[in-house]
Amino acid sequence: MSTEAATHPTYGNWRRPRRPGLGPLGLVGTFGVFGGLVLTLLASLISLYAAVIVFTPIAVLLVPLAIRTQDGRNVYQLMALRVGWRRRRAKGAHLYVSGPLSARPGGRFRPPGLLNKVTATEGRDAYDRPFGVLHHPNRNLYTIVLGCDPDGGALVDPDQVDVWVALWGEWLARLAHEPGLRGASVIVETAPDPGTRLAHEVLPRIRDDAPAAARAVMEEVVERYPTASSEMHTYVSLTYGVPANQRRKKEDVITDLAIRIPGLLSGLVAAGGGAAYPLSAERIAEVVRVAYDPAVAADVLDARARHGGTGLEWDDAGPAAAVETVGSYQHDSGVSRTWLMTLAPRGTVRSSVLRGMLEAAPGTRRKRVALVYRPIDPATSARIVEADRRSAQFMATSGRGMVQARAASEMRAAEQTAAEEASGAGLVEFSLMLTVTVDTMEQLADASVTVRNLTAASRVLMRPADRMQAAAFSCTLPAGILPWEQTLIPHELQEAL
């Protein structure tokens, strides 16, 4: 190890899961190829004309499976996405109206889309702190949300940063041993500071008999400081599931989650999360309410500072109206666009690789970066790393030239992953999503340029979540929406395709 590497540690070694099957065909396409060859050979016993008749439709069906885009989707998946979007538009599912003037029962402002059936309850942890629990009845999932105030990397020794990264990796590895955990997400939200908290802290402390010059300076600070500052919030949502063969009461699940919260919070604090705490049901509703209507952010902060809370309920956290288009999502006072990661940074990276992406972006009303994690249990992790190791060894010994050099690099990475997993390291699947909210559609083009610059600096390849902007917007909220739990096609079958 060089002196520079020892002083400035690097990270990486993440690898995209290999798709089973021959090349881009996938497992289903591979079975189709071999099955088609068998049928063609049997038909050739009759005549060559019969073999051509059998082979032609099989080839027409299999060719779209071999054509894939940069993010790995084949022609059939692209067609399914477009057909699904046209069906939703035909049924009017891309429009949402709530409240007393809508046709929806109850007259409440429930969150739309994937969050429409979610209900919120509240429990108490071992330290008698309230925490909100979101129940997803369609999948029988329960979500808790933890908030934290990270210390940041300014004026921090590189050794301390290295320790934080190691403890964060250990915390992620612990998630694989959490009973019933289906997934986790870390959401970092940034927005311009409205100055509400500063005004409530400074103005009441100005004495009536203070000198006019001093009073003018303090009032000017309160007025001008928010224009150059921003606020940042970090949320960690954990989603748990109940096995299909078990029937557990909601109260029992909440009690079980209350016991786990202190241990989870202590792990976040050790990993540099700063002050960590569970979010109450009211606080979760406030976060979702502000995301759908950014114009009320100052009012929410003002009510919390004056009265200690807003009294907002989950059933009133949604927008009054929302419209989904191909490349945007309009909701109350904001217009949003969400991007999905298609390729993580290649090679080795520094611990600050995502710093620019996480910081506040000028010209935007709000920005959320969501890191979505899917922990893998130790038994499955061992099988995956061994399968990748054998596949990498085969590719390294069967190629030539540049192909062989790339395969040799893959083999070294697979060997390192196998060694780390054998020594107790965890294995997780992860992805990244980014949502930007602006005031008008005209500002969305400038925001897109800003996002491209941020992703290029972070060496992350991303694409807009076209024709699924509403669902992607929900996934970046701290509400426990896990993409792989919401698909009609099982995740395993999608990998086979």
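Two rings of Phe, Tyr or Trp (taking its six-membered ring) make an aromatic pair if their centres lie within 6.5 Å; planes under 30 degrees apart count as stacked, over 60 as edge-to-face, and the rest as tilted. The model is predicted, so local features need pLDDT of at least 70 and side-chain atom pairs pLDDT 80 or more, while totals for chains, interfaces and linings use all residues. Residues are numbered from 1 along each chain as its sequence is written, and side-chain values use heavy atoms, leaving out hydrogens and water.

**Exercise 1. Find how many aromatic pairs the whole structure has, then describe the one formed by Trp168 and Tyr373.**

Step 1. A search of the whole structure gives 4 aromatic pairs.

Step 2. One of them, Trp168 with Tyr373, is edge-to-face, with 6.2 Å from centre to centre and 70° between the planes.

Step 3. Now place the partners: Trp168 belongs to helix 5 (residues 158-175) and Tyr373 to strand 11 (residues 366-376), so this pair links distant parts of the chain, 205 residues apart. Here helices (H or I, at least four residues) and strands (E, at least two) are DSSP runs, numbered from the N terminus.

Step 4. Check the accessibility, where buried means under 20% relative accessible area, exposed over 50%, and partly exposed in between (1.4 Å probe, protein chains only). Trp168 is partly exposed at 23%, whereas Tyr373 is buried at 8%.

**Exercise 2. Classify the pair of Tyr292 and Phe473, and say which residue lies over the face of Phe473.**

Step 1. The ring centres of Tyr292 and Phe473 are 5.2 Å apart and the planes meet at 45°, so the pair is tilted.

Step 2. This pair also links distant parts of the chain, with Tyr292 in helix 9 (residues 281-292) and Phe473 in helix 15 (residues 469-475), 181 residues apart.

Step 3. Both Tyr292 and Phe473 are buried.

Step 4. Arg368 lies over the face of Phe473, 4.8 Å from the ring centre. A charge sits over a ring if NZ of Lys or CZ of Arg is within 6 Å of the ring centre and within 35 degrees of the ring normal.

**Exercise 3. Work out how helix 5 and helix 8 are oriented, and which residues meet.**

Step 1. Helix 5 and helix 8 (residues 250-273) pack with axes 7 Å apart, at an angle of about 155°. Axes are lines fitted to C-alpha atoms, for helices over the stretch in contact, and angles run from 0 to 180 degrees between N-to-C directions.

Step 2. Angles under 35 degrees count as roughly parallel, over 145 as roughly antiparallel, 65 to 115 as roughly perpendicular, and the rest as oblique. Helix 5 and helix 8 are therefore roughly antiparallel to each other.

Step 3. Contact means heavy atoms within 4.5 Å. Residues of helix 5 including Trp164, Trp168 and Arg174 meet residues of helix 8, among them Gly263, Leu264 and Ala271.

**Exercise 4. Find where His94 is located, whether it is buried or exposed, and which residues it contacts.**

Step 1. His94 is in the loop between helix 4 (75-91) and strand 1 (95-97).

Step 2. With a relative accessible area of 12%, His94 is buried.

Step 3. Leaving aside neighbours within four places in sequence, the contacts of His94 are Trp85, Arg88, Arg89, Ala322, Val323 and Glu324.
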